[in-house]
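Work through the exercises below with the sequence and the model open. Try each task before reading its solution.

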Amino acid sequence: MAGLYFHIPYCTQRCVYCDFYFVTTRKVHTPFVQAIRNEIEGYATEYANYEPIGTLYFGGGTPSLLLPEELESILSTVHEHFDTSQVEEVTFEVNPEDASLEYLRDIKSLGVDRLSIGIQSFFDDDLTFLGRCHDSKSAQNAIKNSEKAGFEKRSIDLIFGLPDQTENQWAMNLELACEMDIPHISTYGLTIEEKTPLWKQVQLGNVIPVDEETHSELFQMAMDTLQKSEYEHYEISSFARRGYRSVHNHRYWSHVNYIGFGPSAHSFWWRGLPARRWSNVRNLNRYQAFLGDHVRPIDEQENLSLDALAREYIMLRLRTSEGLDLKILEERYGVDLLTCKIDELALLESSEFILTIRNQKVILSDLGKTICNSVTQRLLPD
Ligand code: SF4
């Protein structure tokens, strides 16, 4: 079953670390909603007959800046043109400042059944540094409202590794999340993305990023705290209580097909070789203009060979707790890692970065997870 992703390109203000595509200027969303509906209809004519839809995901930007009636209009177009009879999960990203009880009840009544709340931190000084619109109180209120509105599947994002964030603050963020009994937590180390306001401050020497060792220690703290509180660490950035893993993301890590709608959205489709990946233009006006003429707003596309897919599969699977299935890698992607990387596998195992299970699976140890990218690089076929 395929996934559908919707990029809602609006934000109230710019967070200093963010390099996603968004605009902060529009109050009227009507042309965008019409454009995304055209895009949905256009793709449905080519793709809807191949597979039913398994998951929907609204990200951004800030989906919670959509009015309920705008969301309804997008969803009704999806239901009209795709087979949504088997949808298992509809995730919607919400920023705390938008998460009134009334709004959350409205979107629930439209079929949203999983919330991803952009908390980032429960400390006001962290939130101010990050340029977030909300404060600690509204973060906690958003969580309470999500519970009152009847959302069982709730996730929050938390960021670590801010220059002035103390270890104690990070520990308290994690403890508070556990106390509030949030079933899914995503943790991200702050990264300095090029051309963001934060990157500029780093270039000017006004902000000193934390070093890699501190990042690893804070990440280790997250693993220790959350695993003690019975969260499964099922992907590098994702922790879930039993039964609360993200279905949409889980499928993405298994090379399931998905179509992305909205400016800057990415799509992946694999039905015979080569597989295709494409991305939309990162400009709302151009996106709307293309779709006004019923033209696909594609900016870049690439064909992926089996070798490229194999490398990607290794990268994606090593991030997961199920690990890299060597049999699938050989049968589906034609790569026999036990032959081509036998020395690296032995070395990584003896250094306790990975576990290999009966020569069938490679799984990162907690130590390996702290240097996931470098372990992955060592296992990619030449
Ligand atoms: S709200 Fe999200 S998408 Fe918008 S600027 Fe902040 S981090 Fe980026």
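Predicted model: local features only at pLDDT ≥ 70, side-chain atom pairs only at ≥ 80, totals over all residues.

**Exercise 1. The ligand shell**

Find the residues that surround the ligand, then sort them by class.

Solution. Step one is the list: Cys11, Arg14, Cys15, Cys18, Phe20, Phe22, Gly60, Gly61, Thr62, Asn95 and Gly118 surround the ligand. A residue is near a molecule if its C-beta atom, placed from the backbone, lies within 6 Å of it.

Step two is the sorting. Ala, Val, Leu, Ile, Met, Phe, Trp, Tyr, Cys and Pro count as nonpolar, Asp, Glu, Lys and Arg as charged, and the others, Gly among them, as polar. The shell then has five nonpolar, five polar and one charged residues.

Step three takes one member, phenylalanine 22, which lies in the loop between strand 1 (2-8) and helix 1 (30-47). Not counting residues up to four places away in sequence, Phe22 touches Pro9, Tyr10, Cys11, Gly60 and Gly61. Two residues are in contact if their C-beta atoms, placed from the backbone, lie within 7 Å. The C-alpha atoms of Phe22 and leucine 284 are separated by 8.3 Å, although the two are 262 residues apart along the chain.

**Exercise 2. Buried or exposed?**

Classify phenylalanine 22, histidine 248, lysine 200 and glutamate 352 by counting C-beta atoms.

Solution. A residue is buried if 20 or more other C-beta atoms lie within 10 Å of its own, exposed if 12 or fewer, and partly exposed in between.

- Phe22 has 24 other C-beta atoms within 10 Å, so it is buried.
- Histidine 248, in helix 9 (residues 247-252), has 23 and is therefore buried.
- Lysine 200, in helix 7 (residues 197-203), has 14 and so counts as partly exposed.
- Glutamate 352, in the loop between helix 14 (342-350) and strand 14 (354-357), has 11 and is therefore exposed.

**Exercise 3. Positive phi**

What is the phi of glutamine 120, and what is that of glutamate 352?

Solution. Glutamine 120 has a positive phi of about 70° without being a glycine. Glutamate 352, also not a glycine, has a positive phi of about 65°. These cases are worth noting because most residues other than glycine have a negative phi.

**Exercise 4. The nonpolar cores**

Which members of the largest nonpolar core touch the most other members?

Solution. A nonpolar core is a set of buried Ala, Val, Leu, Ile, Met, Phe, Trp, Tyr and Cys residues joined through C-beta atoms within 7 Å. The largest one has 75 residues, and Leu4, Phe6, Ile36, Ile117, Ile156 and Ile185 touch the most other members. Another core, of 17 residues, lies apart from it and includes Tyr313, Leu326, Phe353 and Leu364.

**Exercise 5. The whole chain**

How many helices and strands are there in the protein chain?

Solution. The protein chain has 16 helices and 15 strands. Its radius of gyration, taken over C-alpha atoms, is 21 Å, close to the 21 Å that the globule rule (2.2 Å times the number of residues to the power 0.38) gives for 382 residues, so the chain is as compact as a globular protein of that length. Of the 382 residues, 39% count as buried.

Key: Residues numbered from 1 in each chain as written. Helix = DSSP H or I, 4+ residues; strand = E, 2+ residues; numbered from the N terminus.
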